[in-house]
Amino acid sequence: MSSAQQLLRAQRDLLLKWTCDHPAPLLRWLHDEEVLSPSFYFSLLEKPPSDAVAKALDTVCTSEESSQRFLEVLKEVQDYYCKDLHLWVDRHCGSDANRQPPSGVVKAEDEHKKPKGAFAKLFKRKNKGFSIRVEVKEMLPVQGVQELQLDHSRFPCCYRLSRICDCYLGMDHPFNRVLISAHKTTLLKRMEELKCYSEGSREASNSASHIEIRYTDLFVTEDNDFTDSSQHEYFDLASRRARIYVHQSCQRIRPSQLLSPQETTGQPPKRVKVKGIAGIGKSVAVQRLVYEWAIGKSMREFTCIFDLCFRELNLIETPLSLLDLLGERFRYLKDALPNLFTAPKSLLFILDGLDEFKFFLDWNSRDKNIGLESKVTVSELIVALVKGNLLPEASIILTTRPSTEAPKHFFQRCCVVLGFEENQVKEYTTKFYKDREVAEKVYDYISNNDNIFVLSFIPLYCYIICMAMGEFFSSDTQDVGDFKSLELNPPRTVSEVYLCYLFTTVKHHALRGSAERSTQRSEVLSLAKQQLTNLGKLAYENLLQRKIMFSKEDLERYGVTPAEIQGTFLCQILHPLKEEAVDMFSFFHLTVQEHLGALYCALNLFSQEDITQALNLWCFGLHPPSTTSTLLKNIDPNIDMLDSLQMFTRFFMGLLRARLESQLDGLVDPSMEEENGVPAGLGLWFKDQFKDRKMKNETALNLLHCLMEFHMKETTTIAAPEIKKLNLFKMKLSIVDCAAMHYVLKFSPHTLQELNLGYSNIGNRGLHRLRPILHRCESLYLRYNCLDWQAAILESAILKSKECQVKKLFMCGNNLGPEGVNELWRALEQNSTVEELYLDITGVTEKGTENIVNCLGKNASLRILTIVGNEIGEVGRERLRELQKLRPDLRIIANFVEDLGLLQAYLGWVDEICADRDQMDSVKNVDALQSVLNSLQGVGGKVEKGENAGKAMELRTKIEELLKSHMIGGR
């Protein structure tokens, strides 16, 4: 028998013919079997398919060993290819005795009868490219053939062949293997490409790149946190990351592990919710999951995966059954569906983008008996699938944004996607640019700019930043310091990033082959003025209606011609949804729609009155009594959606500054005159809001961001002094939020009476960002902020400062440790302002009390010190007694029973958690409860009878019950 090497050389052309149409499975398996090196494999993915297979065969044929391994791989992947290849493998490689070569061939033609009706047309383009040619008679027993021919009436039209297959064929039968192989091949074709950047010409384009080359893994963790869904989702992210880095490092999971067995049960979850803000990478992560299954490398326990996108489901207006839906969505699987549903445990449904679903989901509805053929609304189908009323044994992965309600108790695992980690930002940047030098310069700039750095953890932002930054650091830019080609400085804020992205996109397309790089910005923008005006109006008016998908007719009403999109800069902004049968379009991302809507407003609101009326409307829902601006007429935003306009208002302020600084010349109507005093007038408006208006914490924070985006000293100097107190308790703050607070408050000369950042998870980096203003805070609340001994060192330096005005300092629930508190004792030796210091549950040990007597014995200002929930030991308690003798005016609270007010406060906290069990998902709360319980148990029988003793026992009992129920619940 010929050697494998000789065989492959002799049969090279045939193998090339059979595999060149779709080489992905073959190449991937060769790579995983180490037949192809990683670098060579990635280079092949960028080549035309036939060239890739030819080069792979040439490499394999260089040795007998690699040739043998090639044949083994070919046996594994043969189901992806034609019948002739199956026969060749059986002849030359051997096969299982029970294996029969499939008689059907996956082809790129559709020989099924075309569906009729509106719903059938909906998915027709989804199925273009793959259907099955099957000689059914070869597959069925004689009896089955006769029944197929003679007894059609026994089965409904869509069931005839399927029911017969169900009766006679198992999923291992060649007929069904061919259908599943067709499905996998279809999915691979759809999932293998990612949108990217064409670096070679430094142009924005819709060119695609292979998912295995471009995909950068994401940071995913169990969703163990209470979420305030009213807050704009982008401003909730970095704080979670800070807490998780400290508390949940062991809970990081890869997207491929979403269905891995749970620790509590040892069984994989049936219902998984994946939550994450828009642009964080949920859909791309799911795309990679489906790709890995389709190529045979992940989740092989599933026979079939059905991926459904809510954006498509929005177009289904009539009742239908699950079989109807899947039969039209995956028409090549229609004949196998009944057989597939006989083993629902082997099925996985991926429901992507719940936040884009336009129909109401009634999660509290009474459970209905819904079967596979029950015709109900599409929203009822989704609810039944998620709740398990329909196909309870099937697995479900649902992706959604945090603001969308999908009750946790329906899911066995809830995960949150937190975007990139720092090393993944670097990896993404490196992959983005083929020029390594440019990649390094861009990454260095990103990592050294706090605002941009935090944005880069969000994959969408990272893409936009890389798009915007490339030209600033291009290797052929002669004078990087002047950035003459863009007449702009590298971006510092969110609105500047998007403006650079927009301008870079317009510049590349507008000047292609018709002008020089030095063409003035105003000239470039003037070329796109009408298109941007039309697009901005479309974006703004529909943003207020929460409309994100547009028909051809919608675009034409706003003067946007769909035919003009491809080949112009619009292709980077407005994307046709090619998979829809109905021509539909959407903005590249919701934030792009928000930015263009804000640009339209910045170009059309000129008077001080119009600008402040607009801010009143967008921030507080206050309609102007009268207005001359068409932008504010007939606008009725739902008061509940104001939080979703936070990013829009920030964009508006940044773009308004750009207009005032003449950066939008070329877009501004030359007949419009700039009104004098806009910055000062805005300063007075912001001052009035902080002075007179009672507002939610989220709104106050948004106003700080608006001031930072506007970035005009005159405005902030007027507004900042009016901020006397800032309460952001339990808001999850990022370093960008800290930057906004610092930017505004540095313009105030006054003492800040209170800065409450409790439970905001700012971490050490956020605290460092706030350092220049912390000395001016009389009451500083930093409870439960993921701070450690380094934060204690920073705070100690503040307390030592001659300018320190801090009177109350709350550091409870931070892991300061003995090193950290010893630094605080030394600082208090010199400090003369601090009157109250709260150090509950801060990891203080006996070592942490070593210098407490010496340092606090010299302090004259401190009146209250709480140090409960710490294991200081008997030696530590003795030192506290010694300190008490030296400082009889200092009230020291070392255990809970010593202070009734403290007991009441902790009882209230426990009651709050009992009333809202989602808060038990927070690791910091569980740890804190355990520390309090340990402290109460340590006191034990030493407690005398009385009100304090009763409250202490009540607190202990409640905590024990709460922790017990938490453990039983498996949370």
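In this predicted model, Leu574 has Phe587 of strand 14 as its bridge partner. This bridge belongs to the pairing of strand 13 (residues 574–576) with strand 14, which is antiparallel and extends over three bridges. Strand 14 also pairs with strand 12 (residues 549–551), again in the antiparallel sense and over three bridges. Within strand 14, Ser586 is the bridge partner of Met549.

Together, the three strands make up an open sheet whose order is 12-14-13, with antiparallel pairing. Strand 12 and strand 13 are the edges of this sheet; each has a single partner strand, so one side of each lacks a neighbour in the sheet. From one strand to the next, the twist averages 35 degrees. Helix 26 (residues 529–543) packs on the sheet and touches strand 12, strand 13 and strand 14. The direction of helix 26 makes about 85 degrees with that of strand 14.

Strands of a sheet pair through backbone hydrogen bonds, either parallel or antiparallel. Seven strands form an open sheet with parallel pairing, in the order 15-16-17-18-19-20-21. Its edges are strand 15 (725–727) and strand 21 (891–893); each has a single partner strand, so one side of each is left without a neighbour in the sheet. Neighbouring strands of this sheet are turned against each other by 10 degrees on average, direction ignored.

Asn761 is placed in the loop between strand 16 and helix 35 (763–774). Most residues other than glycine have a negative phi. The phi of Asn761, however, is positive, near 60 degrees. Asn761 counts as buried because its relative accessible area is 1%, below the limit of 20%. Met299 is another residue other than glycine with a positive phi, in this case near 50 degrees. Met299 is found in the loop between helix 15 (282–294) and strand 8 (304–309). With a relative accessible area of 9%, Met299 is also buried.

Gln5 lies in helix 1 (residues 4–10) and is buried, with a relative accessible area of 17%. Although Gln5 and Ser67 are 62 residues apart in sequence, their C-alpha atoms are 5.2 Å apart in space. Leaving aside neighbours within four places in sequence, Gln5 is in contact with Cys61, Thr62, Ser63, Glu64 and Ser67. Ser796 is part of helix 36 (residues 789–800) and counts as buried at 1% relative accessibility. Beyond its neighbours within four places in sequence, Ser796 contacts Glu823, Leu824 and Ala827.

When residues up to four places away in sequence are not counted, Trp825 touches Leu837, Leu839, Gly848, Thr849, Asn851, Ile852, Cys855, Leu856, Leu865 and Ile867.

The protein chain has 42 helices and 21 strands. Of its 971 residues, 59% count as buried. Among contacts between residues at least 6 apart in sequence, 76% join residues at least 24 apart. The chain exposes about 40300 Å², of which carbon and sulfur atoms supply 48%.

Note on methods
Residues numbered from 1 in each chain as written. Predicted model: local features only at pLDDT ≥ 70, side-chain atom pairs only at ≥ 80, totals over all residues. Heavy atoms only, no water. Pairing = 2+ DSSP bridges. Helix = DSSP H or I, 4+ residues; strand = E, 2+ residues; numbered from the N terminus. Buried < 20%, exposed > 50% of the residue type's maximum accessible area, 1.4 Å probe, protein only. Contact = heavy atoms within 4.5 Å. Axes fitted to C-alpha atoms, helices over the stretch in contact; angles between N-to-C directions. Areas by Shrake-Rupley, 256 points an atom, 1.4 Å probe, with all protein chains shown as cover.
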